[in-house]
Amino acid sequence: MDKFLRRKDSSSRTDDEPSTSVTKKPKEVSEKKYDEDYIKYGFSWCGDETAPRPQCIICGDQLSNESMVPSKLKRHLYSSHPSCANKDKQYFKRCLEQNKKQKKFMKSAVTVSEKALEASYHVAKLIALQKKPHTDGETLIKAACMEIVRLMLGPNEVKEVNKFSLSADTVKRRIHDMSSDILGTLIKKLLSAEKFALQINETTDIKNKAQLIAIVRFVEEDFIKEHYLFCKEVPERTTGEEIFRVTDDFFKICNIQWSNCIAVLHGWRCGNDGS
């Protein structure tokens with residue numbers, strides 16, 4: 001009786017005995033293709049041609065490639081868009097063409113907006129370099145551009161020129177953005193250089209207020225670089241303590257360490273001979 005109850009020891013099987021386990025090969029799944037007839041269910045396709053995904057023409061939802069079968073497409077149409085369930089192919093074809101036209105229009109609008117934004121920055125830079133009033137952007141430069149385009153190209157092109165803004169507030173904002181970007185780039189170079197020298201001096205603006213100007217020198221790629229660092233108003237008297245306080249506040253905001261400053265020069269004279 002024991003021989004019938006005794007389990008066979010797996011370790012007693014020799015290597016010569018054939019193994020009864022069968023390794024199953026993974027089932028290859030073929031990608032479903034889009035059929036032009038699927039448009040009657042309100043679906044086109046998107047993605048890769050080898051594994052396209054069905055896309056609903058009405059709502060734009062994208063289904064998986066496994067849903068590229070009439071039953072699942074029809075289920076989406078009847079459950080999500082019952083009002084369009086009885087529409088014919090021509091209706092969905094018209095909707096598809098309208099969607100393509102809208103995408104093309106949106107792409108064109110975005111491209112024009114990017115060009116208008118770039119043009120606005122370029123003109124604001126010219127105004128800043130020439131030290132002209134910000135109001136010249138809209139009252140003079142934009143008006144002149146529109147008149148030139150109207151006479152040389154036509155009225156339709158004038159509409160494109162009119163899309164970019166050059167108001168005084170816009171020019172001011174563009175100049176501020178560019179100056180912030182320039183300052184950020186300079187601070188990165190200054191931090192990577194580690195050691196630098198600072199030259200400061202006081203001046204007054206048109207309102208007779210004291211302004212502290214700082215110039216920084218550092219080594220970049222074996223060359224000595226000199227850049228304008230900041231111009232800050234000194235609210236109190238231009239004493240040594242106030243000058244240090246204004247400079248120290250700027251250093252703290254920009255994470256600049258005083259230990260990296262190897263020299264501080266006051267005034268614009270770099271040598272004893274005044275040169």
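Reader: Over how many bridges do β4 and β5 pair in the antiparallel sense?

Author: This is a predicted model, in which local features need pLDDT of at least 70 and side-chain atom pairs count only at pLDDT 80 or more, while totals for chains, interfaces and linings use all residues. Residues are numbered from 1 along each chain as its sequence is written, and side-chain values use heavy atoms, leaving out hydrogens and water. Strands here are DSSP runs (E, at least two residues), as helices are (H or I, at least four), numbered from the N terminus, and two strands pair if DSSP finds at least two bridges between them. For β4 and β5, the antiparallel pairing runs over 10 bridges.

Reader: Which residue in β5 is the bridge partner of Phe-218?

Author: Happy to point you there: look along β4 (210-220) and β5 (223-233). In β5, Phe-218 has as its bridge partner Lys-225.

Reader: Which strands stand at the edges of the open sheet?

Author: The open sheet has four strands in the order β5-β4-β3-β6, with mixed pairing. Two of its strands have a single partner strand each, so one side of each is left without a neighbour in the sheet. Those edge strands are β5 and β6 (261-266).

Reader: What angle does the direction of α7 make with that of β5?

Author: Axes are lines fitted to C-alpha atoms, for helices over the stretch in contact, and angles run from 0 to 180 degrees between N-to-C directions. Two helices can be followed here: α6 packs on the sheet, touching β3, β4 and β5, and its direction makes about 50° with that of β4. Helix α7 packs on the sheet as well, with contacts (heavy atoms within 4.5 Å) to β3, β4, β5 and β6. The angle between the directions of α7 and β5 is about 110°.

Reader: How many residues does the largest nonpolar core have?

Author: A nonpolar core is a set of buried Ala, Val, Leu, Ile, Met, Phe, Trp, Tyr and Cys residues joined through side-chain atoms within 4.5 Å; buried means under 20% relative accessible area, exposed over 50% and partly exposed in between, with a 1.4 Å probe and protein chains only. Phe-196 and Leu-198 are among the residues with the most contacts inside the largest core, and the elements giving two or more residues to this core are α6 (168-193), β3 (196-204), β4, β5 and α7 (240-254). Apart from it lies another core of 14 residues, among them Tyr-34 and Leu-77. The largest core has 21 residues.

Reader: Is Asp-248 buried or exposed?

Author: Asp-248 meets Lys-252 in a salt bridge (3.3 Å, N to O), and both lie in helix α7, four residues apart, about one turn of the helix. Lys-252 has 58% relative accessibility and therefore counts as exposed. With 14% relative accessibility, Asp-248 counts as buried.

How values were computed. Salt bridge = Lys/Arg side-chain N within 4 Å of Asp/Glu carboxyl O.
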